[in-house]
Amino acid sequence: MTDEYVPPKVWTMDGENGGTWGKLNRPVAGSTFERTLARGDQPLQLHSLATPNGQKVTIMLEELLALGEAGAEYDAYLIDIGEGDQFSSGFVNINPNSKIPALLDCSHDKPVRVFESGAILLYLAEKFGRFLPSELTARTEALNWLFWLQGSAPYLGGGFGHFYAYAPAKFEYPINRFTMETKRQLDVLNWRLANNRYLAGDDYTIADMATWPWYGCLVLGELYDDAAEFLDVASYGNVKRWAQEILERQAVQRGRIVNRTWGERWEQLPERHSAADIDDVLALKKAD
């Protein structure tokens, strides 16, 4: 008798996958119900959740606002992926891939949709001329690390995070496989940051904004319960130095709480429509 899984000749979905995020995905695309997305008065309309991918964009928007870019004002509406909000007709019209975040730029005569977190960061960087160097070599280095993150994070989130923290049962093989890859990626970052303040060099860019919510939060002990100890993140000193420095940025502290519905009271802001919304929530930390 063996518990080894024997794949059928043709796979069919016979039930939910189980686990914390068992209802997150389906084997088909398109909407499952009709719902029009809310729209506010700000130039940018964001529909998201404060997962690492969602935080990338809200951090970028708060960084732009900190520099006085009024055109970066945004309404942020919650997409509860655990409840399937990403499968509404309104959301699918912005992102046919049904993943957060999704952005609608209403500052044009015809609104521009932008989906995929890396694409949104690049779009905003080019729109405002911020956080992406114009000089060819420096720009390319920033994009190298942005695309490194976009390709690497699924191994951390969908691989390590899923099997270590969220799968309905723990199995040695997938945990070992994705732990090895996660530690290799942390080592890549550690080597890079040994002689560079930020990923692209001396300047803080969209590459850092993309990477920090994943690997920065991981080494700060904010992802996957006790994963920091399991992965021995203390051994990646350069990554920890970089992560702590970015955490201390005011725009990062503001952006990371937008569309968040868990944690301390001062970490939760399901919707954001003005700077005052964030101010009010962060004030709770001082009150506590």
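1. Two strands pair if DSSP finds at least two bridges between them. That is the sense in which pairing is used here for this predicted model. His47 stands opposite Tyr77 in S2. Five bridges join S1 to S2 (residues 74-78), and these two strands run parallel. The chain crosses from S1 through H1 to S2, a β-α-β crossover that is right-handed.

2. S1 also has a partner in S3 (residues 102-105). Four bridges join S1 to S3, and here the strands run antiparallel. Leu46 stands opposite Leu103 in S3.

3. How many residues of S1 are buried? Five of its five residues are, so defined by a relative accessible area under 20%. Leu44, Leu46 and Ser48 point one way from S1. Gln45 and His47 point the other way. Both groups are buried.

4. Helix H1 covers residues 52-66. Its 15 residues reach 21 Å from the first C-alpha to the last, close to the 21 Å expected at 1.5 Å a residue. Of these 15 residues, 13 are buried, so H1 is largely enclosed by the rest of the structure. Just after H1, Gly68 takes a positive phi of about 90°.

5. Leu103 deserves a look of its own. It lies in strand S3 and is buried, with a relative accessible area of 0%.

6. On nonpolar packing, the largest core has 67 residues. Met60, Leu124, Ile206, Trp212, Tyr224 and Trp242 touch the most other members. Leaving aside neighbours within four places in sequence, Tyr224 is in contact with Leu156, Gly157, Phe160, Gly161, Tyr164, Ala165, Tyr166, Trp214 and Leu218. A second, separate core has nine residues, including Ile79, Ile81, Ile100 and Leu104.

7. Ile100 is of interest for its backbone too. A cis peptide bond joins Ile100 and Pro101, with omega about 0°. Pro101 is found in the loop between helix H2 (89-94) and S3.

8. Side chains of opposite charge can pair when their charged atoms come close. The structure holds 16 salt bridges. One of them joins Arg139 to Glu126, with the closest N and O atoms 2.9 Å apart. Arg139 is in helix H4 (residues 136-166) and Glu126 in helix H3 (residues 117-128), 13 residues apart. Arg139 counts as partly exposed at 25% relative accessibility. Glu126 is also partly exposed, with a relative accessible area of 48%.

9. Another salt bridge brings together the side chains of Glu141 and Arg192, at 3.4 Å from N to O. Glu141 lies in helix H4 and Arg192 in helix H5 (residues 172-194), so the pair ties together parts that are 51 residues apart in sequence. Glu141 is partly exposed, with a relative accessible area of 23%.

10. Arg254 and Asp279 meet in a salt bridge at 2.7 Å, N to O. The pair links distant parts of the chain: Arg254 in helix H9 (residues 250-255) and Asp279 in helix H10 (residues 275-287), 25 residues apart. Are the two partners buried or exposed? Arg254 is buried, with a relative accessible area of 12%. Asp279 counts as partly exposed at 39% relative accessibility. Both belong to a network of salt bridges that also links Glu62, Glu73 and Arg272.

11. Glu116 is partly exposed, with a relative accessible area of 36%. Asp232 is found in the loop between helix H7 (227-230) and helix H8 (237-247), and is partly exposed, with a relative accessible area of 41%.

Note on methods:
Residues numbered from 1 in each chain as written. Predicted model: local features only at pLDDT ≥ 70, side-chain atom pairs only at ≥ 80, totals over all residues. Heavy atoms only, no water. Expected span 1.5 Å × (residues − 1). Buried < 20%, exposed > 50% of the residue type's maximum accessible area, 1.4 Å probe, protein only. Right-handed = clockwise from strand over helix to strand, strands pointing away. Salt bridge = Lys/Arg side-chain N within 4 Å of Asp/Glu carboxyl O. Core = buried A, V, L, I, M, F, W, Y, C linked by side-chain atoms within 4.5 Å. Contact = heavy atoms within 4.5 Å.
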